[in-house]
Number of protein chains: 2
Amino acid sequence: MKVLGVVVEYNPFHNGHLHHLREAKTLINPDYTIAVMSGNFVQRGEPAILDKFSRAEVAVNMGVDIVFELPFVYCIQDASGFAMGSIGVLERTNVVTDIVFGSESSNLEVLDKISNILYEQPKTFKKLLNKHLKKGLSFPNARKFALVEYLESSNYEPNVIDILEQSNDILGLEYLNALKLYDSKIIPHTIQRIKAEYNQKEFTGEISSATAIRNLIEKNEMNKVRQGVPSLSYEVLRREIEKGKAPIMFEDMRDMILGKLRMMKKEELIQIDGVKEGLETRYSKFSKISSNLTELVNHVKTKRFTLTRVKRTLLKIFFDLKERDVKLYNNHGPQYLRVLAFTEKGQELLGKMKDLSAYPIITTPSTYRKIYNRLNDNLLSSKKRYQSIPEIYLNQIEYDFLASNIYTLLFKNRDLSSYEPDKKQRVIML
Amino acid sequence: MKVLGVVVEYNPFHNGHLHHLREAKTLINPDYTIAVMSGNFVQRGEPAILDKFSRAEVAVNMGVDIVFELPFVYCIQDASGFAMGSIGVLERTNVVTDIVFGSESSNLEVLDKISNILYEQPKTFKKLLNKHLKKGLSFPNARKFALVEYLESSNYEPNVIDILEQSNDILGLEYLNALKLYDSKIIPHTIQRIKAEYNQKEFTGEISSATAIRNLIEKNEMNKVRQGVPSLSYEVLRREIEKGKAPIMFEDMRDMILGKLRMMKKEELIQIDGVKEGLETRYSKFSKISSNLTELVNHVKTKRFTLTRVKRTLLKIFFDLKERDVKLYNNHGPQYLRVLAFTEKGQELLGKMKDLSAYPIITTPSTYRKIYNRLNDNLLSSKKRYQSIPEIYLNQIEYDFLASNIYTLLFKNRDLSSYEPDKKQRVIML
């Protein structure tokens, strides 16, 4: 049995995503395809433009058999934490045989070589990394130069610079690293992606970036959007916009985030994951003299702290994601497998997973407390023991609910802010 | 020298306020009149419809010589805490000789008799109070019945029930009690107010309640508003509305408050002043299933916890006003005298106060840190020692700044959310 795993955000699902999904399937020819998808907040440090249920609904219609939710605590982390979460979910299904990810270099040999260095952290490399960090470089840049110098000294000279400047390659490296950390047997594959595609702002017709499409949605140029996304994705978008549930933009969080930040003391800020080296002063000071979030992040960002990092950290501040907790989450990985949507075929696979996975598979989130009690009793099944750590399980899943309850406050139709989606919305079956 | 002190909110300043101010002056015939006024948040548990600087500006134009800001931590407390703050400011100017407050009964003898019981807390009274509290009555109601029974048993039978059901009388009692607690020499006086005037919702022409006028402002019926307020008050209102700084309504805090509340754990809620006896569960639960603040407060309120109390407590939750801190503030009273506006005549009096008061008089808030350092050194003047407790001083004034920085986020003109009014706005001089 071959099971293909992919890591996605589908924010929103566009023609490029469909293209990549099909390519991946052609490459692997899997019996089943499963995706782990960010929930209501995404890795660029923003709320998703469309809620997780709608995005999962599109995914199962487009050829994914099961959509798992990436626990919130991983969604808004840097590439490394994001990979620990997403690869963790795929690994812990215990059925995935292959993962495919986009890569600008599409050079798995080199990526693997580099990820080995990151995994093994040889002393010489660590010294070089610290040298560059001390110069005030951002972590990605310091790492890039350290790797180049390290590989040069070992007479191995691939085009590392290029690889470490490309967003898919960087993420790919972290996936490979995470696979090693989980001691996973999953086989990684790459498919070619064109450089800078991910962040391209202009609409370029049928194949446009998610960024370009979100910009069109925001400007309500729905006729152009229609060209860039599969028709079902378009229909779901239209439907959710009509309901007043989309589009959700970063700036919709203005009052919440500025309101919270203006109240926070530096001693509190400094406990948040990613707030260090004076960032607490920048967040605190600039929150008071910024009219909106765009102004704020532009004030706070520096050469060292990139825009995306500043935005992600802003969400961590709002959601009170402390450094010590994030470390715990990353060390232990995701503690459950939450299903957002599945097809009939996916249902078969879920049946098999129930026997094979060592982690609870959650299709009815309202039972989460029951599962917690069972984890505490360690009596989930007579056949096997579950491996979740009860307290971490509880923290992670309660964060998912929390994130949803905040997300509903962003709906344009405010009457829809009064239901708890994770308690009310059933898993989507196709 | 006679100095009249009044406690006001002027939210907004209307014909009734002008009438009362003139009556009070006729009664006392003072050399100077000073007011202590709520800042950007008021005792009914809402943001003020107009910011504190504009309201202070109107006050000095209408016959007040100096407007002091009631420190934020007292503004959103119940009658007792509000009185400890406002009477504290008047007392600590050390120049006020008389205060006048509105009263439905206008029976100072009876009010004083009752306030003596509250001040002395005789054992029999305390027993009666506890008996009624245990029945599940709200505090004001339990106190009312306990007082009636206590006074009946001592053969003293004024119409206590009436007095304890009238908002001005209730506040008046607390003023009298506070005067005793401060061991004040200020002489209290009452002027007659008509029952229920304060909360009257309908517009009744020239003399209408602040509630009625706020409703008209919200509905943008400015021609009716013009009838109910002095022309200068009207002009300031118009000007601030045109700037996009008014009107500010309770519901404008929806995202901030619901966003914060949905994130809070019960263990955190229970530390907030006024959150007890299961209120933490009500706030937590209903925050998730309410679309807006009006829905929320209607869900949370009970026979025991009145609407106003629920709203005030909501602000305390948002501003993280913990029970232990409020106790400290109420035990020690206001630690400084912050001037929002004064007339030329008021300036004379301020000059005298600088010698007479034992508390720092703040006209330039940006110097607050310097004053803190001087309080710590206790070297404010060679002639006398200041009585402020440095840490409490700092907490109180920083809360004022915080409240202003949150208030600016509510402005319709969002460009105006990026300045810190308490640092930028100069004291108003007429």
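Entry 1: I started with A:H17 and asked what it touches. Leaving out neighbours within four places in sequence, I found A:H17 in contact with A:Y10, A:N11 and A:P12. I then looked up where A:H17 sits: helix 1 of chain A, residues 15-28. Buried or exposed, I asked of A:H17? Its relative accessibility is 15%, so A:H17 counts as buried. I note here that the model is a predicted one.

**Entry 2: cis peptide bonds.** The bond joining A:N11 and A:P12 is cis, with omega about 0 degrees. A:P12 belongs to the loop between strand 1 (3-8) and helix 1 of chain A. I noted another cis bond, joining A:A246 and A:P247, with omega about -5 degrees. I placed A:P247 in the loop between helix 12 (231-243) and helix 13 of chain A.

**Entry 3: how the copies are related.** I superposed chain A on chain B. A rotation of 180 degrees does it, with 0.0 Å of shift along the axis and an RMSD of 0.0 Å. The two copies are therefore related as by a two-fold rotation axis. Which C-alpha of chain A is nearest the axis? I found that of A:M256, 2.3 Å from the axis. I also compared the contact residues: 100% of those in chain A recur in chain B, so the same surface serves both copies.

**Entry 4: the interface.** How many residues of chain A are in contact with chain B? I counted 28, and they meet 28 residues of chain B. The two chains bury about 2500 Å² between them, and 56% of that is on carbon and sulfur atoms. In chain A, the residues that lose the most area to chain B are A:R254, A:R262 and A:M263. Together they make up 26% of what that side buries.

Next I looked for polar links. I found 16 residue pairs in polar contact across the interface, both members at pLDDT 80 or more. Helix 13 (254-263) and helix 21 (390-407) of chain A each supply at least two residues to the side that touches chain B. Helix 13 of chain A gives the most, with 8 residues. By class, I listed 10 nonpolar, 7 polar and 11 charged residues on that side of chain A.

**Entry 5: salt bridges between the chains.** The count between chain A and chain B is 2 salt bridges. I looked up one of them, in which the side chains of B:D255 and A:R414 meet at 3.7 Å, N to O. B:D255 lies in helix 13 of chain B and A:R414 in the loop between helix 21 and helix 22 (421-424) of chain A, so the pair joins two chains. B:D255 has 9% relative accessibility and counts as buried. A:R414 is partly exposed, with a relative accessible area of 40%.

**Entry 6: salt bridges within chain A.** I searched the whole structure and found 55 salt bridges over all chains. One of them links A:D112 with A:K180, the closest N and O atoms being 3.3 Å apart. A:D112 is in helix 5 (residues 108-120) and A:K180 in helix 9 (residues 167-181) of chain A, so the pair ties together parts 68 residues apart in sequence. I noted A:D112 as partly exposed, at 32% relative accessible area.

A:D273 and A:K316 also form a salt bridge, at 2.9 Å from N to O. A:D273 is in the loop between helix 14 (266-269) and helix 15 (279-288) of chain A, and A:K316 is in helix 17 (residues 307-318), so this pair ties together parts 43 residues apart in sequence. I found both A:D273 and A:K316 buried. Last, I traced a network of salt bridges that links A:D51, A:E57, A:R239, A:E240, A:K243 and A:K245.

**Entry 7: positive phi in chain B.** I found phi of B:N29 near 55 degrees, positive in a residue other than glycine. B:N29 is in the loop between helix 1 (15-28) and strand 2 (32-38) of chain B. At 62% relative accessibility, B:N29 counts as exposed. Phi of B:Q121 is also positive, near 45 degrees. I placed B:Q121 in the loop between helix 5 (108-120) and helix 6 (123-134) of chain B.

Note on methods: Residues numbered from 1 in each chain as written. Chains lettered and ligands numbered in written order. Predicted model: local features only at pLDDT ≥ 70, side-chain atom pairs only at ≥ 80, totals over all residues. Heavy atoms only, no water. Contact = heavy atoms within 4.5 Å. Buried area = accessible area lost by both parts, 1.4 Å probe. Salt bridge = Lys/Arg side-chain N within 4 Å of Asp/Glu carboxyl O. Polar contact = N/O pair within 3.5 Å; in protein donor to acceptor, adjacent residues only side chain to side chain. Helix = DSSP H or I, 4+ residues; strand = E, 2+ residues; numbered from the N terminus. Nonpolar A, V, L, I, M, F, W, Y, C, P; charged D, E, K, R; others polar. Buried < 20%, exposed > 50% of the residue type's maximum accessible area, 1.4 Å probe, protein only. Least-squares fit on C-alpha atoms with pLDDT ≥ 70 in both.
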